[in-house]
Amino acid sequence: MVCGVEGDGGNGIVLADIRAAQDGDAEAYARVVESWGGPLLRFCRNHLPATMDAEDVVQDVLLAAWQKLPDLDDRSRFRAWMYTIARNRCREVIRTAGRRATDPVAPEEVPVRIDTRQDPARTHARDAAMTALKESVDRLADNQRRIWVMAHIDGLGYAEIAEIEELPVSTVRGRLARARATIAEEMEPWR
């Protein structure tokens, strides 16, 4: 133990913050929220239809986690615990919410900042490759896409994904392997 830090509860959260938050320290929980806001938003966006507001679900998840935090027995499993709460809340929202109309923004309407210090051709090639990767991931079957995002974007291991998705580890491995093979094949022109 160095400087009072026992270890990482996932996403750069020290277990000391989790322990303090469990004891009712709102400032410690604010640090937890700061670390987890982005990853939870990405997770919820990948588990909800585009028409549903992931930001609202994340707020619900963070509130539920604050209320349930004293019941968390194993702080080292914090990451899987948070993602499980998020998955369950996403499922509940999908099950109970009526479809809400939204006005999605077309990609061409999103303002783009141009950094004139970079080589435009290289920047364009990188952006095109990233767009192709995003499209390839978006075309995956939902169950493969969710697992690929958890593994490659959120950095979760097979066991954590299996727990969150309520699947055997072998199923997670198989779906991730199929997702990787599909993406590798579709991204071949970009190598």
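Biologist: What are the ground rules for the numbers?
Modeller: The model is predicted, so local features need pLDDT of at least 70, side-chain atom pairs count only at pLDDT 80 or more, and totals for chains, interfaces and linings use all residues. Residues are numbered from 1 along each chain as its sequence is written, and side-chain values use heavy atoms, with hydrogens and water left out.

Biologist: Why is Q144 called buried?
Modeller: Buried means under 20% relative accessible area, exposed over 50%, and partly exposed in between, with a 1.4 Å probe and protein chains only. Q144 has 13%, so the residue is buried. Q144 sits in helix α6, residues 142–152. Helices here are DSSP runs of H or I with at least four residues, numbered from the N terminus.

Biologist: What is Q144 in contact with?
Modeller: Contact means heavy atoms within 4.5 Å. Leaving aside neighbours within four places in sequence, Q144 contacts R175, R178 and A179.

Biologist: How many aromatic pairs does the whole structure hold?
Modeller: Five. Rings of Phe, Tyr and Trp (its six-membered ring) pair if their centres lie within 6.5 Å. Planes under 30 degrees apart count as stacked, over 60 as edge-to-face, and the rest as tilted.

Biologist: What makes W36 and Y83 edge-to-face?
Modeller: Their centres are 5.1 Å apart, with 70 degrees between the planes. The angle is over 60, so the label is edge-to-face. W36 lies in helix α2 (residues 26–47) and Y83 in helix α4 (residues 78–96), so the pair ties together parts 47 residues apart in sequence. Both W36 and Y83 are buried.

Biologist: Why is the pair of F78 and W81 called tilted?
Modeller: The centres lie 5.8 Å apart and the planes 40 degrees apart. F78 and W81 are three residues apart in helix α4, about one helical turn. F78 and W81 are buried too. Ring pairs link W36, F43, F78, W81 and Y83 into a cluster.

Biologist: What makes a set of residues a nonpolar core?
Modeller: They are buried Ala, Val, Leu, Ile, Met, Phe, Trp, Tyr and Cys residues joined through side-chain atoms within 4.5 Å. The largest such core has 47 residues, and L40 and F78 have the most contacts inside it. Elements that give two or more residues to this core include α2, α3 and α4. Not counting residues up to four places away in sequence, L40 touches V58, V61, L62, M82, Y83 and A86.

Biologist: How does the span of α3 compare with the expected one?
Modeller: The expected span is 1.5 Å times one less than the number of residues. α3 has 15 residues and reaches 21 Å from first C-alpha to last, close to the 21 Å expected.

Biologist: How do you know that the buried residues of α3 share a side?
Modeller: A54, V57, V58, V61, L62, A64 and A65 are buried in α3. They cover an arc of only 165 degrees around the axis, so they lie on the same side of α3. The arc is taken over the directions from the helix axis to the C-beta atoms. These buried residues pack against α2 and α4. The face turned away carries the exposed Q59 and Q67.
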